[in-house]
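Here are my notes on the salt bridges and the nonpolar surface. Please read them with the structure open.

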Amino acid sequence: MREVTVLQLAVMAGALVGLARGQQTTAAAWQADAEALRKRPGLARFYSFSNGDRVQPDLAGSPASMTFKPDSRSALTTEVGRVAGKTAVVLDGEAFEAPPLTLSSNAFSVSVWLRPLAMGSKTGNAGSVNGMIASSGSGYNDGWRLAVYDWKTRQPSIELGQETGAFSVRANDGLSAGYW
C-alpha cells in the first residue's frame with residue numbers, strides 16, 4: 001500500500017460557482033447519480049461541495065471529511081450551483097483539505113465538476129499564477145495534481161510527481177470559461 005500525502009483541493013477562482021439555469025442538473029437526477037456512484041466498488045472518496053459547510057463529509061462513507069482552510073484574506077462563500085436548489089462553494093486562494101489517502105496501486109482516476117472563471121489570485125513558484133484544481137502531495141516530486149496553467153488555452157494538465165520532477169499530460173481542448 002502506498003500512502004499519498006494530504007489530499008488538498010484548491011480550485012481556481014470561481015471554479016465551483018453558479019451557472020445559468022439551463023446548465024443545471026435536477027436534484028433528483030443528481031441524487032440518483034450520486035447513489036449509483038456511492039455503490040461503485042473501489043470508490044475511495046466522494047465530496048459534493050453542494051453547500052456552504054466548512055466541513056464537507058465524504059459521501060463514500062469514510063470518516064475523511066474535507067475541512068475548509070482559508071488563507072489570510074478568504075472566507076467561504078457560495079453561489080447557485082450545478083444542481084438545482086443547491087449551492088456550490090466558490091474558491092480563490094483557499095482550499096479544502098482531507099486526511100491522507102492510501103491507494104492500493106498506482107492506478108486511479110479523479111473526476112471534478114467545475115466552472116472556471118479566472119486563474120485565481122494565489123501565486124505559485126516565482127510568482128506564477130496558476131489554476132490548481134486538485135492535488136494529493138505536491139504533484140511535482142510526489143503525488144499528483146490537476147491544474148490549468150494558461151488561462152488563454154484553459155487546457156487542464158495532470159502531473160504525476162517523481163523524484164526528478166513531474167511527468168505531465170495536457171488536454172488538447174480547453175475548459176469552457178463560465179460553463180460547467
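1. A definition to start: a salt bridge here is a side-chain nitrogen of Lys or Arg within 4 Å of a carboxyl oxygen of Asp or Glu. The model is predicted. Searching the whole structure gives 2 salt bridges.

2. Take the pair in helix α1 (residues 27–38), where both Glu35 and Arg38 sit. They are 3 residues apart, about one turn of the helix. Their side chains form a salt bridge, at 2.4 Å from N to O. Glu35 is partly exposed, with 33% relative accessible area. Arg38 is also partly exposed, at 26% relative accessibility.

3. The other pair to check is Arg145 and Glu159, a salt bridge whose closest N and O atoms are 2.4 Å apart. This pair links distant parts of the chain.

4. Now the nonpolar surface. A patch of about 520 Å² is built from Phe108, Val110, Val112, Ile158, Leu160, Phe167 and Val169. Strands β11 (156–160) and β12 (167–170) each contribute at least two residues to the patch.

5. Val169, in strand β12, passes because its relative accessible area is 43%. Val169 therefore counts as partly exposed.

Terms used
Residues are numbered from 1 along each chain as its sequence is written. This is a predicted model: local features need pLDDT of at least 70, side-chain atom pairs count only at pLDDT 80 or more; totals for chains, interfaces and linings use all residues. Side-chain values use heavy atoms; hydrogens and water are left out. Patches are made of residues with over 30% relative accessible area and no salt bridge: like charges are joined within 9 Å, nonpolar side chains (Val, Leu, Ile, Met, Phe, Trp, Tyr) within 5 Å. Accessible areas come from the Shrake-Rupley method with a 1.4 Å probe; for residues, only the protein chains shown count as cover. Helices (H or I, at least four residues) and strands (E, at least two) are DSSP runs, numbered from the N terminus. Buried means under 20% relative accessible area, exposed over 50%, partly exposed in between (1.4 Å probe, protein chains only).
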